[in-house]
Amino acid sequence: MLIKKCVILFSGTGSNLENLLKNKHLHDGQLKYISAFTNNPKAKGIDICKLFSLEVTISSCKDPNLDLQIFLKNHNPDLIVLSGYMKILPDYIIKEYKGKIINIHPSLLPKYPGLNTYEKVIDNKDKEHGITIHFVTEELDGGPIILQGQFELCKELNKDRLKFLTHQLEYELFPKVILWFANELIKLESDKVFFKNKEITSPMIYLTNIESL
C-alpha cells in the first residue's frame, strides 16, 4: 500500500490541526501530512505549521479558491482534511476531489449546520451534543456521515465548557477517522459511505460522557 498524501486546510487557531500533527505517528507508513493551506494570513495555525515543520501556503485572499485550486493541483493529495476551514469550497473543487475531502463539524448533523453551534445548543436546551465527521459534497455540512461522537449535557453547562468538551471529542475521534481512511477502511461511492466494504445506512455513533472528556 502506497503512503497516502494528505493536506490540511484551516482558517483560525488550528487546534485540530495541532492535534492531528501531534498524532501523526498513528499514520506512519500509511499516510503523511505533506502540506497545509489557509485563507487567513493572520491564522494562528500558521505558527503551528512552522512548529511542526509543515509547509503552509497562505492565500493572497484576492481569490482564495483559485489559490486553493493551484495548491491542490501542485500537491495532488489523496486526502484533504478540513480542520476549521471557514470558506465554502466551490463545487468544481468538490467534484474534482470527491471522496477525498473530509470535514469535522461541532454538532450532531443534520442539526445546526453552519456557524454559532454552541449558542444554538444552549438556547434550545438540547439534552445531547456532539460532533460529526463526514465526507464533503456540494451540500453545506450535508455530506454523508462517517462517524458521530455524542455525549449527554447537564443543565449548568455554559458555552465555554461546551466548546471545551466538544473539542476534546474532536481531538479523540478525528485522528481515528483519518487512520480509517489511511487503511482504506472507509470510502465514498455514489454518495454513500462504506466501512470495510459494507454500506453504512445510518451514522456510526461513538457514545461517551462528560467525565471521560
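Mentor: Let us begin with a term: two strands pair if DSSP finds at least two bridges between them. Strands of a sheet pair through backbone hydrogen bonds, either parallel or antiparallel. Please note that this is a predicted model.

Trainee: Which residue of β9 stands opposite Leu188?

Mentor: Leu188 faces Val193 in β9. Four bridges connect β8 with strand β9 (residues 192–195), and the sense is antiparallel.

Trainee: In what order do the strands of this open sheet lie?

Mentor: The order is β8-β9-β10, three strands with antiparallel pairing. At the edges are β8 (186–189) and β10 (198–199), each of which pairs on one side only.

Trainee: How many bridges join strand β1 to β2?

Mentor: Seven bridges link β1 (residues 4–10) to β2, and the two strands run parallel. Within this pair, Lys5 is opposite Lys32 of β2. Between the two strands the chain passes through helix α1 (residues 15–22), and this β-α-β crossover is right-handed.

Trainee: Is strand β2 mostly covered or mostly uncovered?

Mentor: Buried means under 20% relative accessible area. By that criterion, six of the eight residues of β2 (residues 31–38) are buried, so the strand is mostly covered.

Trainee: In which sense do β2 and strand β3 pair?

Mentor: They pair in the parallel sense, over three bridges, with β3 spanning residues 56–58. Ala36 lies opposite Val56 in β3. From β2 the chain reaches β3 by way of helix α2 (residues 45–51), in a right-handed β-α-β crossover.

How values were computed:
Residues numbered from 1 in each chain as written. Predicted model: local features only at pLDDT ≥ 70, side-chain atom pairs only at ≥ 80, totals over all residues. Heavy atoms only, no water. Buried < 20%, exposed > 50% of the residue type's maximum accessible area, 1.4 Å probe, protein only. Right-handed = clockwise from strand over helix to strand, strands pointing away.
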